[in-house]
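Q: I have a model open and I'd like to learn how to read it feature by feature. Could you walk me through it?

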Amino acid sequence: MRRVSLRPGAMKLLNELYKTYEIIIYTALDEDFTAALVKKKLDKKGVIVNGILSRSYCFKKNGYYIKDLRILKNRDLSKIVFLDTSVISVCNQMDNSIIVPPYSSSKGDTALFEVLAALKVIAKAPDVRIELRKLCSLLDMYKIYLKEPRTVP
């Protein structure tokens, strides 16, 4: 397995949320790599992560892997929160989504601590989408993104 650095707050987030939420890793990464990562880094005892959906559960459109929460049968979308680093990946259920900036190995990264605080607030909400719209509207995030200075590599 290649070397993987966990984002600050990842274990705290998982250890606190698995008591309240069903945790499913939904990723565009390869299934074998993801399963190994979960077993070796995220859930060594096998009690935190309830399932893994990998690249084969995404569909590809215009070169992007798109995730669709409707693949989670027998689950109420009003109760599902989707964490991702890509707006494109969650475009089918933006109201269920919290977009986290991509991790750049910075020790000062506090994104997951902020997400944990938000998820604790909405844990008992009848419809998480309503609460997420109040807390972190993707439209508002996109407006902020457009204002940020860009550099061309």
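Q: Let's begin with one residue. Is Gln93 buried or exposed?
A: Keep in mind that this is a predicted model. Gln93 has a relative accessible area of 4%, and the cut-off for buried is under 20%, so Gln93 is buried.

Q: Where is Gln93, and which residues does Gln93 touch?
A: Look in the loop between E5 and strand E6 (97-99). Setting aside residues up to four places away in sequence, Gln93 touches Lys67, Asp68, Leu69, Arg70 and Phe82. Take Arg70: Gln93 and Arg70 are 23 residues apart in sequence, with 8.9 Å from C-alpha to C-alpha.

Q: Now another loop residue. Why does Ser78 count as buried?
A: Its relative accessibility is 7%, which is why Ser78 counts as buried. Ser78 belongs to the loop between strand E4 (64-66) and E5. Beyond its neighbours within four places in sequence, Ser78 is in contact with Pro126, Asp127, Val128 and Arg129.

Q: What does the side chain of Ser78 make a polar contact with?
A: With the side chain of Asp76, at 2.9 Å.

Q: How should I think about nonpolar cores, and how many residues does the largest one have?
A: In soluble globular proteins, nonpolar side chains tend to be buried together. Here the largest nonpolar core has 21 residues, and Leu17, Ile23 and Leu119 have the most contacts inside it. H1, E1, H2, H3 and helix H4 (128-136) each bring at least two residues to this core, with the largest share, 6 residues, coming from H3. There's also a second, separate core of 10 residues, which includes Leu69, Ile80, Phe82 and Val90.

Q: Which residues is Ile23 in contact with?
A: Leaving out neighbours within four places in sequence, Ile23 is in contact with Leu14, Leu17, Tyr18, Ile48, Val49, Asn50 and Gly51.

Q: And pockets: what volume does the largest pocket have?
A: Rolling a probe the size of a water molecule over the atoms shows where empty space is left. The largest pocket here comes out at about 1,500 Å³. Its lining has 46 residues, and the closest to the centre are Ile24, Ile25, Tyr26, Leu83 and Asp84.

Q: Which helix or strand gives the most to that lining, and how does the lining split by class?
A: H2 gives the most, with 5 residues. Helix H1 (10-17), strand E1 (23-26), helix H2 (31-42), strand E5 (82-84) and helix H3 (111-122) each supply at least two. By class, the lining has 30 nonpolar, 6 polar and 10 charged residues.

Notes. Residues numbered from 1 in each chain as written. Predicted model: local features only at pLDDT ≥ 70, side-chain atom pairs only at ≥ 80, totals over all residues. Heavy atoms only, no water. 1 Å grid on protein atoms, 1.4 Å probe; cavity = no way out; pocket = protein on both sides within 12 Å on 5 of 7 lines; lining within 4 Å. Points joined across faces, edges and corners; volume = space filled by probe spheres on them. Helix = DSSP H or I, 4+ residues; strand = E, 2+ residues; numbered from the N terminus. Nonpolar A, V, L, I, M, F, W, Y, C, P; charged D, E, K, R; others polar. Core = buried A, V, L, I, M, F, W, Y, C linked by side-chain atoms within 4.5 Å. Buried < 20%, exposed > 50% of the residue type's maximum accessible area, 1.4 Å probe, protein only. Contact = heavy atoms within 4.5 Å. Polar contact = N/O pair within 3.5 Å; in protein donor to acceptor, adjacent residues only side chain to side chain.
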